[in-house]
Amino acid sequence: MKVTLNSQNYNSYNYRQQNGNNNFAQRNQIPTFNGGGAAGVTGTIAKKSGLFTKIDNLYDKGIDYIAKYFTAPLVDSAPMNWAAEKFKNSKYLFNHLLAVGSAITSGMYMYKTLKMPEKKPEDRDRKKTLAVNQFLTFALSTAGAYFLDSKIGNWWDKQTARFAGLRLNDESLVKDFLDTNEAIKTNNKLIIETNKNKVSKKDLKLLLDDTEMVRDFVKSRNNFKSMLPKQKRALLNQIDGMGVLKTMIVFGAVYRYIVPVLVTPIANKIGEKYLSRKQEAKAQEAANSKAA
């Protein structure tokens, strides 16, 4: 007896595959258009392309206008050049950029608030109260973001060093990094005590050593030196990204959570007290003028 193995399954598979392909082709068959033919389809596409071309042209003109009359004057202005020169080497540059963005947003809110129409006499005081609250909210939240960012800096550096140690397979990196910075701090304290009241604060600051940054410390490790150039760049970029991530988390938490929940009520109370004292002073002046 002749036995054929797997022939039926193979044929069934081919049948299903062919049948499935045919069904797929039928489901995805290009539809035919009656009445207009290819010319009708081409005409429809041409009309849509003309519309999008006009929109693109308007968009490009708008971008060019903003770049010419707003972006270029702002970037080339003396204050912007001064700020770029002053903060170009600052390790808090990203913090400053977030704070500037928040200042612009808060300033626009304050401007819009003060420009709101006044339907009642008391609306002017309400606008001032709201504008003061917006300013205080911005000031307190920005100060809080900088404070919190600096407070968790050492802890975050430790986590970044741990991350770098895992990437380099360097078990002693974290301990060496912490010991190095501790030695620098101890030496700086000795310098301060030795030169106290002998030199100016500005000169004393020049004598102090900066604490070691994770990025620079990693470069001194043998495992890093043995890496390929592309791997080195990738690791250093990741280390830089850890610092940016920390600042984003801190500023985001402060502006989006801590501000609405904690700072805004405090700002409201301060604003109300400020305006109530101002109104009391005006009332006292009016009373004094009447008495005179």
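Predicted model: local features only at pLDDT ≥ 70, side-chain atom pairs only at ≥ 80, totals over all residues.
Which helix gives the most to the lining of the largest cavity?

**Figure 1. Close-up of the largest cavity, with its lining residues from α5 and α11.** α11 gives the most to this lining, contributing four residues. The lining consists of D125, K128, L275, K278, Q279 and K282. Helix α5 spans residues 123-151, while helix α11 spans residues 229-291; each of the two supplies at least two residues of the lining. Sorted by class, four of the lining residues are charged, one is polar and one is nonpolar. The space within the largest cavity amounts to about 50 Å³. A search of the whole structure returns one cavity of 30 Å³ or more.

**Figure 2. Close-up of the packing of α5 against α11.** The axes of these two helices lie 6 Å apart, and the angle between them is about 140°. α5 is therefore oblique to α11. The crossing of α5 with α11 is right-handed. In the contact between them, 18 residues are nonpolar, 10 are polar and five are charged.

**Figure 3. Close-up of the packing of α4 against α11.** Helix α4, residues 93-114, packs on α11 at an angle of about 30°, and their axes are 10 Å apart. Angles under 35 degrees count as roughly parallel, so α4 and α11 are described as roughly parallel to each other. Their crossing is right-handed. On the α4 side, the contact is made by F94, N95, L98, A99 and S102. On the α11 side, the contributing residues are V244, T247, M248, F251 and Y255. The contact of α4 with α11 contains seven nonpolar and three polar residues, and no charged ones.

**Figure 4. Close-up of the second largest pocket, with lining residues from α4, α5 and α11.** This pocket has a volume of about 520 Å³. It is lined by 20 residues, of which S102, T105, S106, Y255 and R256 are the closest to its centre. Helices α4, α5 and α11 each supply at least two residues of the lining, and α11 gives the most, with nine. By class, the lining of the second largest pocket comprises 10 polar, nine nonpolar and one charged residue.

**Figure 5. Close-up of the largest pocket, lined by 35 residues.** The volume of the largest pocket is about 1,100 Å³. Among its lining residues, K91, D157, M213, V214 and K246 lie nearest the centre. At least two lining residues come from each of α4, α5, α6 (153-168), α7 (173-195), α9 (214-219) and α11. The lining of the largest pocket divides into 12 charged, 12 polar and 11 nonpolar residues.

**Figure 6. Close-up of the packing of α6 against α7.** The two helices pack at an angle of about 140°, with 8 Å between their axes. From α6, the residues that meet α7 are N154, D157, K158, A161, R162, G165 and L168. Their counterparts in α7 are L173, V174, F177, L178 and K185. One of the α6 residues in this contact, D157, is also named among the residues nearest the centre of the largest pocket. By class, the contact of α6 with α7 has six nonpolar, four charged and two polar residues.

Methods: Residues numbered from 1 in each chain as written. Heavy atoms only, no water. Axes fitted to C-alpha atoms, helices over the stretch in contact; angles between N-to-C directions. Parallel < 35°, antiparallel > 145°, perpendicular 65-115°, else oblique. Left-handed = near helix turned anticlockwise from the far one by under 90°. Contact = heavy atoms within 4.5 Å. Nonpolar A, V, L, I, M, F, W, Y, C, P; charged D, E, K, R; others polar. 1 Å grid on protein atoms, 1.4 Å probe; cavity = no way out; pocket = protein on both sides within 12 Å on 5 of 7 lines; lining within 4 Å. Points joined across faces, edges and corners; volume = space filled by probe spheres on them.
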